[in-house]
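Let's take a walk through this protein together. Have a look at the picture first, and then we'll go through it piece by piece.

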Amino acid sequence: QNTDIENYGALWGGEVAAEKLTDYIKPETATIYAKEMPVQLMRDTKMRNDPKGNVEIMRQFWDDRFNPDNQNERPGIEPLIIVYADLLATGDARNIETAGILYDRKIAGLIGEN
């Protein structure tokens with residue numbers, strides 16, 4: 001969680017991103033988004049393939065120009081709305097609660113401005 005994954009062409013998503021944005025949740029799963037498999041990151045952090053592991057690497061599905069929240073306050077994190085969606089998609093009560101906090105603190109203000 002302390003790795004500067006931007007140096008590897010990757011971004012934090014889900015619980016790790018939410019923790020960095022809210023200081024509320026303690027991540028159980030680390031979600032990493034990258035355009036390509038971050039092989040060097042995996043080598044440097046000694047990751048191994050484990051279906052029961054707590055790290056998931058996902059393909060970045062949005063264009064780099066997509067940044068509706070102009071999010072530069074926390075580099076290395078996916079766009080806020082995707083963090084929000086990641087949390088809700090887990091169906092986990094603590095993640096849904098954190099998504100609500102993220103919405104109230106960060107997202108609602110962006111919607112209100114538009």
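Two strands count as paired if DSSP finds at least two bridges between them. Helices (H or I, at least four residues) and strands (E, at least two) are DSSP runs, numbered from the N terminus. You're looking at a predicted model, where local features need pLDDT of at least 70, side-chain atom pairs count only at pLDDT 80 or more, and totals for chains, interfaces and linings use all residues. Residues are numbered from 1 along each chain as its sequence is written, and side-chain values use heavy atoms, with hydrogens and water left out.

Let's start with strand 2, residues 30-34. On one side, strand 2 pairs with strand 1 (residues 10-13) in the antiparallel sense over four bridges, and Ala10 stands opposite Ala34. Strand 2 also pairs with strand 3 (residues 55-59), this time in the parallel sense over five bridges; here Ala34 stands opposite Arg59. How do you get from strand 2 to strand 3? Together with helix 2 (residues 39-44), the two strands make a right-handed β-α-β unit, meaning that, with the strands pointing away from the viewer, the path from the first strand over the helix to the second runs clockwise.

Which way do the side chains of strand 2 point? Ala30, Ile32 and Ala34 point one way, while Thr31 and Tyr33 point the other way, and all are buried. Buried means under 20% relative accessible area, exposed means over 50%, and partly exposed is in between (1.4 Å probe, protein chains only). In a regular strand the side chains alternate between the two faces of the sheet.

Now for the inside. A nonpolar core is a set of buried Ala, Val, Leu, Ile, Met, Phe, Trp, Tyr and Cys residues joined through side-chain atoms within 4.5 Å. The largest one here has 19 residues, and among those that touch the most other members are Trp12, Ile32 and Leu102. Helix 1 (14-22) gives the most to this core, with four residues.

Finally, the rings. Rings of Phe, Tyr and Trp (its six-membered ring) pair if their centres lie within 6.5 Å; planes under 30 degrees apart count as stacked, over 60 as edge-to-face and the rest as tilted. By this rule there are four aromatic pairs. Tyr33 and Phe61 make an edge-to-face pair, 6.1 Å centre to centre with 70° between the planes. Tyr33 lies in strand 2 and Phe61 in the loop between strand 3 and helix 3, so this pair ties together parts that are 28 residues apart in sequence. Tyr33 is buried at 4% relative accessibility, whereas Phe61 is exposed, at 57%. Ring pairs link these two and Trp62 into a cluster.
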